[in-house]
Amino acid sequence: MYAIIQSGGKQYRVKEGDILKLETLPQDIGSSIDFEKVLLVGEGDKCQLGKPFLDNCKVTATILSHGRHDKVKVVKFRRRKHHEKWQGHRQNYTEVKITHIKE
């Protein structure tokens, strides 16, 4: 069985045992978190679809770690103008493991 959840303005397709890197969450490492914004739950022909979210459905996960992604380099360059600008960015994330999907 899988579910589609919404977290941090993005949607993720998850099943039990999956490990995800989500936008930063304020909870501590080792704590449990419930995702209430579930858009779809099911397997094959037996899917429940929410409008926009399902009631009485939730996905439970455990927080494994907090960290930062690899650096992304941003280059702004103007040809023939002697102009070049470099900038780096590292996005924060929270790594979670999906433990339970409740229909």
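**Entry 1. Salt bridges**

I searched the whole structure and found two salt bridges, a salt bridge being a side-chain nitrogen of Lys or Arg within 4 Å of a carboxyl oxygen of Asp or Glu. I note that this is a predicted model, in which local features need pLDDT of at least 70, side-chain atom pairs count only at pLDDT 80 or more, and totals for chains, interfaces and linings use all residues. Residues are numbered from 1 along each chain as its sequence is written, and side-chain values use heavy atoms, with hydrogens and water left out.

I looked up the pair K10 and E23, which form a salt bridge with their closest N and O atoms 2.8 Å apart. K10 lies in strand β2 and E23 in the loop between β3 (19-22) and β4 (32-35), so this pair ties together parts that are 13 residues apart in sequence. I took strands from DSSP runs (E, at least two residues), numbered from the N terminus. K10 is partly exposed, at a relative accessible area of 37%, and E23 is partly exposed at 24%. For these classes I used under 20% relative accessible area for buried, over 50% for exposed, and partly exposed in between, with a 1.4 Å probe and protein chains only.

I then looked up D34 and K58, whose side chains meet in a salt bridge at 3.6 Å, N to O. This pair links distant parts of the chain, with D34 in strand β4 and K58 in strand β7, 24 residues apart. I recorded D34 as partly exposed, with a relative accessible area of 35%. K58 is likewise recorded as partly exposed, with 29%.

**Entry 2. Cysteines**

I checked for disulfides, defined as a pair of cysteine sulfur atoms within 2.5 Å. A disulfide is a covalent bond between the sulfur atoms of two cysteines. By the distance rule I counted zero disulfides. C47 is in no disulfide, and the nearest cysteine sulfur, that of C57, is 12 Å away.

**Entry 3. Surface patches**

I looked for patches, which are made of residues with over 30% relative accessible area and no salt bridge; like charges are joined within 9 Å, and nonpolar side chains (Val, Leu, Ile, Met, Phe, Trp, Tyr) within 5 Å. The accessible areas come from the Shrake-Rupley method with a 1.4 Å probe, and for residues only the protein chains shown count as cover.

Which residues gather in a patch of positive charge on the surface? I found R68, K71, K73 and R90 there. Lys and Arg count as positive and Asp and Glu as negative, while His and the chain ends are not counted. I placed each charge at NZ of Lys, CZ of Arg, CG of Asp or CD of Glu. R68 is in strand β7, residues 58-68, and is partly exposed at 46% relative accessibility.

I found a nonpolar surface patch of about 350 Å², made by V75, F77 and W86. V75 is placed in strand β8 and is partly exposed, with a relative accessible area of 42%.

**Entry 4. Backbone geometry**

I examined the peptide bond from K51 to P52, and this bond is cis, with omega near -5°. P52 sits in the loop between β6 (46-49) and β7.

I next examined R80, which has a positive phi of about 60° although it is not a glycine. R80 is in the loop between β8 (72-78) and β9 (83-89) and counts as exposed at 68% relative accessibility. H82 has a positive phi of about 55°, and H82 is not a glycine either. H82 is placed in the loop between β8 and β9 and is exposed, with a relative accessible area of 85%.

**Entry 5. Two tyrosines**

I looked up Y2 in strand β1, residues 2-7, and recorded this residue as buried, with a relative accessible area of 16%. Y2 and D18 are 16 residues apart in sequence and 10 Å apart in space, C-alpha to C-alpha.

I looked up Y12 in strand β2, residues 10-15, and Y12 counts as buried at 16% relative accessibility.

Definitions and conventions: Helix = DSSP H or I, 4+ residues; strand = E, 2+ residues; numbered from the N terminus.
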